[in-house]
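Thank you all for coming; I would like to take you through one structure this morning, slowly enough that we can follow it on the screen together. Please keep the picture in view while I talk.

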Amino acid sequence: MKLKKQVTVCGGAIFCVAVFSLYLMLDKVQHDPTRRQNTGGNFPRSQISVLQNRIEQLEQLLEENHQIISHIKDSVLELTDTGAISPSGHLPFRSTNGSWVMPFDGRPTYLSLRPRDCQFAQTRRGPTDLQMLDVYSLLNFDNVDGGVWKQGFDITYDPSEWDEEPLQVFVVPHSHNDPGWIKTFDKYYTDQTQHIFNNMLIKLAEDPRRKFIWSEISYFAKWWESVDIHKQETMRKLIQSGQLEMVTGGWVMSDEANAHYFGMIDQLIEGHQWLERNLGVIPHSGWAVDPFGHSATMPYVLRRANLTSMLIQRIHYSIKKHFAASHSLEFMWRQAWDPGSGTDIFCHMMPFYSYDVPHTCGPDPKICCQFDFKRLPGSRVNCPWKVPPKPIVDSNVAERATVLLDQYRKKSKLFRSKVLLVPLGDDFRYDKALEWDQQYQNYQRLFDYMNSHPEMHVQAQFGTLSDYFNAVYKATDVVPGTRPPDFPVLSGDFFAYADREDHYWSGYYTSRPFYKNLDRVLESHLRGAEILYSLALSHARHSAMESRYPVSDYALLTDARRNVALFQHHDAITGTAKEVVVIDYGNRLLRALVGLKRVIINAAHFLVMKNRDVYRFYQSEPFLETDERRATQDSLPQRTLIELDPNAPRYLVVFNPVEQDRLCVVTILVSSPHVRVITEDGQTLPVQLSAQWSSPLQVNAEVYQVSFMARLPALGLAVYHLYETTDSPMTMRSDTVMRLPPGTGAVRGLDPLPLRMQTADAQPFFVHSQALTLGFSGTTGLLETIRRKDESQEMRVQFQFVTYGTRPSKDKSGAYLFLPDGRAKPYTQRDPPVVRVVEGPLFSEVVAHYQHFQQTVCIHNVPGVDGLSLDISILVDIRDQANKELAMRVVTDIQSEDTFYTDLNGFQIQPRRYFHKLPLQANFYPMPTMAYIQDSQHRLTLHSAQALGVTSLDSGQLEVVLDRRLMQDDNRGLGQGLKDNKRTLNRFRLLLERRPGGSRQVLDSEPLSFPSIISHMTSAVLNHEVLALPVVPKHGVPPLRTFAPLTTPMPCDLHLLNLRTIQSQPDPQSPSPYTALLLHRKALDCRLEAQNLGFNCTTTHGQLSVASLFRGLDLQLLQPMSLSLLYAGTPLANDSSVTLEPMEISTYKLKLR
């Protein structure tokens, strides 16, 4: 009877929602003023357009109504089908199929993606002249000896080619300064970099014809802040006169394989903001000579920052040769997803092996080395080709100029214009005054001779990078940044990089994974701290309480921004620095993390106060504790233990860094098994109580794990009360089974948690949630099958662990290179694993303990995103191995053939193909956040919380390298192997999606693919974990309340990339009244099955009303800006909506009070 009543109530609710929605639709149509304006038969075009919009709105309303009703109906049917109405009405219980059923909370949610918002992913783009997947298919990669240009070909020319239009040569002096590699950042600065700047002041001022470029603002800022005002003024004049150019202008020269686009953009903003505040400088050209391969994300980021041109260097030698032969070394780099040409940026690819002097003047390094005047006889650096440079004097200048011009002409034959770029520099060059004289004086004599002999038909000079690009634009008669006639358009990326033979730089995609994971943790904390600080400061200003708020936390933000930015450097996040340098990076990151947690705690304290009049801040007495602590820079985090008090409640503040409401499982550690969790409005929540394990066979007797389902506001803070009470029916204990190898001793349980032991057998075993059933091997304890609730068939999803060795030859794997000794071998160990199976109402997990890794596969029994994927953690420890790499392989029956997909920087997806003509190591690619395989029926996505190397070596497989321990250097300058491995926790989410029957067409041939909305949200929740912050126990905690900053939910294809308080002009350590809002509109593949996300998800054609976004704050300025805030658009009316196209990242300057 009770069941019938509840079904009747739900049915009534469906009817009411339907009637009310139809009433709203009719009301909207009846009151539409455009309907009354034209009663004749002939509609003007504008009226037809309005009518089409109205019809679309009506379709949208009908769709939303349909979604709401279908979700309510599904919930009711699910409840009736499974007998899933809890006997007590609100307690979780087990259904007949063995899965736990959570109480129906009466909040229907809907997913409503407008058809137009789905079209972007399915629209065919016009082909570009050069599509990198096609280039890979075309090339033989045969490495034929090319003569003096070993990796190229012989270049010839007709001396009369320049008679009509002389060759213009721009020699660009530069010094590549790694912010940490062999030495730490500070050591390099002390030993070398500061001397480069000090010499620059003197030597550039000696002759106005001298030029120089600089890129790493981290070093420049350190020097600037250490010198007096006179040196600053001299440097400023050199920049203003055009003798010194700041290129790219990022804090570092960012890695492009492992870096997340949040970090890439943030380090660019940090550099650009520093330049604007101190020098008033705006960079125009990008310079990236040392990242180990190039991503398509970087040209987009630079283009959005309003740079017009860029240069790249480390590209596979076969691709360089192909591009050189087809005169395609300069091209417009376009995003593969761009339907037009709005993302185009002019790109110059350096043609030869390296950016050093022997490989930049022309094709013959033996000759070019003779024009590196630092290598004059008597120097500590010499030419490997045994022919040293000669000082340029009157007696040899004619011969020397002729030899050099021959190289210039040969190099220029590879390009389409008669303008030539010749970089002149190398790592940490120009640190001695002598080198400035050697290079500039000898080259000036050569230039003077060339320029004074018209028969040579050359105009040679020192130049900056922008001098060169501007000359190309002028010679081709186009506006800077636009496409010169007949220059090709390219789309795609340049991974994997090989510099010679089969030496592929695909090892660094995984090297030092501990720090790759720590970087992602830092980025999530930095974004969360930026958002909460900006909101707290705006609310404090709104309430005239700025003087009582710890505004000085801004200095902590600045420090963290700069340390995270430093780690984006291409020898930092890559894992390719000396061990002492890695420790320095680690200490910087840990310091930043501690500071960011303080910013978050202080902001949360202010924002959750119910009555802010009683708010008091004491620096020495924080109001909240951190969620976890790290003892050292290389240790794993330990969760904070909450000591329960029978006499007083403990309070917990939970922060959701995602811009959508979130329904998820929150897990905390408490001191007692007798716990109640109560919401702010007094509702007792179901709790799952579990043991905390200190080793595979030992329970921690002092600590209990408590998990509860939380509904958290978008970007908000929810408050919970914890009580130590006698047993509550809402506290349910996990059921734990230990599957032990024969002969294992007994495992002692912990009262009151049930623990059973059984001898492991070969029979598979299963764990269930309402959405998924997982099958595990009885022998290995590893996942074997997944069955989704709406499918009768299990699907094979088998986990395997494999190891790679390295070659027996002299060339072996190292920090950079992956040179395996053949295909991977199965991981084996003598003893069977200990397997722990934990089941309960909120989550179930299987933990398999092996000698070198521990894998945990967990499913959450909650509706929405959190319950649709498998949460996978792998604790890796290979410190006792030698020349071994551990990889995880996922084997399925998906018919993916030779195609797979990896992300670039968490920003976009790049289709990949397994090429049998290439060595195994060439088929590995970076995976910063996800990789997937698919066929006409399914897509399987492995989401990652850290950058790692990934491949698909056979149809239906994904393989990811988890850690590498290598005992030798790989001869790329580091001088060390990888022997400082840590206990490393790699975290993933595995998402299996179905492709409904009507949309089985998969465009594998297209150079385009996009995640689904569920996949985007899965990546967001994995990379932005909730933070559970306990209130410090004290008498008289003031009343607290949930803080929900957003008035309305954001469209679910819009990502709030950052809300960054801008520094004040006079004092960079304090905030200005302005905030930068960075938004990214994600593109969606809607052809995968839509599922309930656990929150209301709608799209709005990319429109967002910023004025009504933030609850309780007034918007006083809304100004479009370039990505890094250097270019300002016209301010918009404060009540304007902003509109983003799919994939677009946009920045707005706000003033919130």
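**Salt bridges and a helix pair**

The structure, which is a predicted model, holds 62 salt bridges, and I will pick out a few of them. In one of these, the side chains of E270 and R562 meet with N to O at 3.0 Å, and this pair links distant parts of the chain, since E270 sits in helix 8 while R562 belongs to helix 16, 292 residues apart. Are these two residues buried or exposed? Both E270 and R562 are buried.

Let us stay with helix 8, and look at its neighbour on the screen. Two packed helices are described by the angle between their axes and the distance between the axes. For helix 8, residues 261-279, and helix 9, residues 297-304, the axes come within 11 Å and cross at roughly 40°, and the crossing is right-handed. Here Y261, M264, I265 and L268 of helix 8 meet T297, M298, V301 and L302 of helix 9, a contact that by class has 7 nonpolar residues, 1 polar and no charged ones.

Helix 9 also carries R304, which forms a salt bridge with E1144, their closest N and O atoms being 3.4 Å apart; E1144 lies in the loop between strand 52 and strand 53, 840 residues from R304. E1144 counts as buried because its relative accessibility is 16%, under the 20% cut-off, whereas R304, at 28%, counts as partly exposed.

Finally, salt bridges can also be followed as a group, for D372, K374, R375, R429 and E435 are linked in a network of them.

Note on methods
Residues are numbered from 1 along each chain as its sequence is written. This is a predicted model: local features need pLDDT of at least 70, side-chain atom pairs count only at pLDDT 80 or more; totals for chains, interfaces and linings use all residues. Side-chain values use heavy atoms; hydrogens and water are left out. Axes are lines fitted to C-alpha atoms, for helices over the stretch in contact, and angles run from 0 to 180 degrees between N-to-C directions. Helices (H or I, at least four residues) and strands (E, at least two) are DSSP runs, numbered from the N terminus. A crossing is left-handed if the near helix is turned anticlockwise from the far one by less than a right angle, and right-handed if clockwise. Contact means heavy atoms within 4.5 Å. Ala, Val, Leu, Ile, Met, Phe, Trp, Tyr, Cys and Pro count as nonpolar, Asp, Glu, Lys and Arg as charged, and the others, Gly among them, as polar. A salt bridge is a side-chain nitrogen of Lys or Arg within 4 Å of a carboxyl oxygen of Asp or Glu. Buried means under 20% relative accessible area, exposed over 50%, partly exposed in between (1.4 Å probe, protein chains only).
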